[in-house]
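Good morning, and thank you for coming. Please look first at the sequence and the structure, which I shall then describe region by region.

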Amino acid sequence: MNNPRGIIGIIEDELARQGAVSFARFMELALYCPNFGYYERTQGSPGRDGDYYTSVSVGPLFGELLAGRFAGWLAAMPGGKRQILEAGAHDGQLARDILRHLQTHRPGALESLEYWILEPSLNRRHSQEETLKEFTGRVRWFDSWDALPATGVNGIIFSNELLDAMPAHRLGWDAAGGKWFEWGVALEDGRFVWKKLPKLDDGVRAPVLPEELLAVLPDGFSTEVCPAAVQWWRHAAQVLSGGKLLAFDYGLMAEEFFAPERKHGTLRAYYQHHASRDLLERAGEQDLTASVNFSDIRDAGESAGLTTQTFATQAQFLTDIVKALADDSGFNEWFAPRTRQFQTLTHPEHLGQSFRVLVQSR
Ligand SMILES: C[S@@+](CC[C@H](N)C(=O)[O-])C[C@H]1O[C@@H](n2cnc3c(N)ncnc32)[C@H](O)[C@@H]1O
């Protein structure tokens, strides 16, 4: 833990040893290096004082709507113990919003329910335990899929902005050679710089595109692939013994990545609410994210035996919940802050359009 140069020193040391690493490895260290990575430090929290907003930092409504929807799904499932498993729970705020709503408006749903959090980071777990003190005994933590009971999850596995925070590989199109190459990161004159890697990293599969599109794709067109997100989803699907697997995320279908306006790819950095393409700057101090390839995620779930139930914008998904729960005691009062939160969550220029929801079921 003792590294006086912090995360920059840790990355520099690795680059000095390796020469160059994939961008995914750089992103992994910058975001998740124990104790030093962006998400390891308490400052890396969404909201006004952070670097970016999420649906959770908008206010409790997002969690309340999910609680209403989840309660309906769980009630329709066969009896016995059920679980809600959240991953990427960050500071525990969303779990608290969901549990508080269930406790007040659906106490019956809580009786046979356990709330599980999948959290590999000890620092994050401590922050979640603090936020969720009022639910001590009801929430259980697991640091990996392997730590879960062999019976898996009977209920709901979900995440908000988890997959877009997973380390992504950055690829470039070599038009003359008719092939994709991978961008790595190297150290030059004390600075992190982009460097073409001699071959694609292990486990990276270049996108398969129609010949007509490849013929017109400009030289240097950049895109990302994220095997870590696909693998995570496949694992989640295998662990789900019955119920729903869903993700809310900033994302696109495969073909949308190749629109002319995305020639630089979708990787971006967030620092104090400004988005930039300076991905190699401020390592450990800025958020790094790439749009999720929902086609890949959907296919991974279907190959693991899940059925795709919904792929919708966040606006559609949340509006449907509000319509379905119009007579529910938790949603019959629309006071001003709640209405404002709903507008932010669903407005196309805020979080309504670019955030999408994939729901699969077993
Ligand atoms: C952008 S934040 C989302 C925070 C929160 N869900 C929200 O909506 O406000 C991404 C979170 O995912 C966590 N994370 C990344 N990879 C993870 C993994 N494999 N398992 C569980 N959490 C992970 C990060 O530590 C971070 O807390």
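This is a predicted model: local features need pLDDT of at least 70, side-chain atom pairs count only at pLDDT 80 or more; totals for chains, interfaces and linings use all residues.

I begin with Arg 125, which is partly exposed because its relative accessibility is 29%. Here buried means under 20% relative accessible area, exposed means over 50%, and partly exposed lies in between, with a 1.4 Å probe and protein chains only. Residues are numbered from 1 along each chain as its sequence is written, and side-chain values use heavy atoms, with hydrogens and water left out.

The side chain of Arg 125 forms a salt bridge with that of Glu 129, at 2.9 Å from N to O. A salt bridge is a side-chain nitrogen of Lys or Arg within 4 Å of a carboxyl oxygen of Asp or Glu. Glu 129 is also partly exposed, with a relative accessible area of 28%. Both Arg 125 and Glu 129 belong to helix H6, residues 122-131, where they are 4 residues apart, about one turn of the helix. Helices (H or I, at least four residues) and strands (E, at least two) are DSSP runs, numbered from the N terminus. An α-helix has 3.6 residues a turn, so residues three or four places apart point the same way.

How many salt bridges does a search of the whole structure find? The search finds 13. One of them joins the side chains of Asp 174 and Lys 179, at 3.5 Å from N to O. Asp 174 is partly exposed at 22% relative accessibility, and Lys 179 is partly exposed at 47%. Another links Asp 299 with Arg 298, whose closest N and O atoms are 3.1 Å apart. Of this pair, Asp 299 has a relative accessible area of 36%, and Arg 298 has a relative accessibility of 27%. Salt bridges with shared partners also connect Glu 14, Arg 25 and Glu 28 into one network.

I turn now to His 169. This residue is in strand S6, residues 169-174. Is His 169 buried or exposed? His 169 counts as buried because its relative accessible area is 8%. Its side chain makes a polar contact of 2.7 Å with the side chain of Glu 182. A polar contact is a pair of N or O atoms within 3.5 Å; within protein, one must be able to donate a hydrogen and the other to accept it, and residues adjacent in sequence count only if both atoms are side-chain atoms. Setting aside residues up to four places away in sequence, His 169 touches several others, among them Ser 22, Asp 201, Thr 223 and Pro 227. Contact means heavy atoms within 4.5 Å.

Next comes strand S5, residues 153-160. In S5, 7 of the 8 residues are buried, so the strand is largely enclosed by the rest of the structure. Strand S2, residues 82-87, runs parallel to S5 and is joined to it by 5 bridges. Two strands pair if DSSP finds at least two bridges between them. Within this pairing, Glu 86 stands opposite Phe 158 of S5. S5 also runs parallel to strand S10, residues 240-252, with 8 bridges between them. There, Asn 160 faces Phe 248 of S10 as its opposite residue.

Gly 19 is partly exposed, with a relative accessible area of 40%. Leaving aside neighbours within four places in sequence, Gly 19 is in contact with Val 185, Ala 186 and Leu 187. Its C-alpha atom is separated by 10.0 Å from that of Lys 195, which is 176 residues apart from Gly 19 along the chain.

I close with helix H9, residues 294-303. In this helix, Phe 294, Ser 295, Ile 297, Ala 300 and Gly 301 are buried. The cover over the buried residues of H9 includes H8, S10 and strands S14 (292-293), S15 (307-313) and S16 (355-361). What caps the N-terminal end of H9? Asn 293 does, with a side-chain oxygen 3.1 Å from the backbone nitrogen of Ser 295. Just after H9, Gly 305 takes a positive phi of about 95 degrees.
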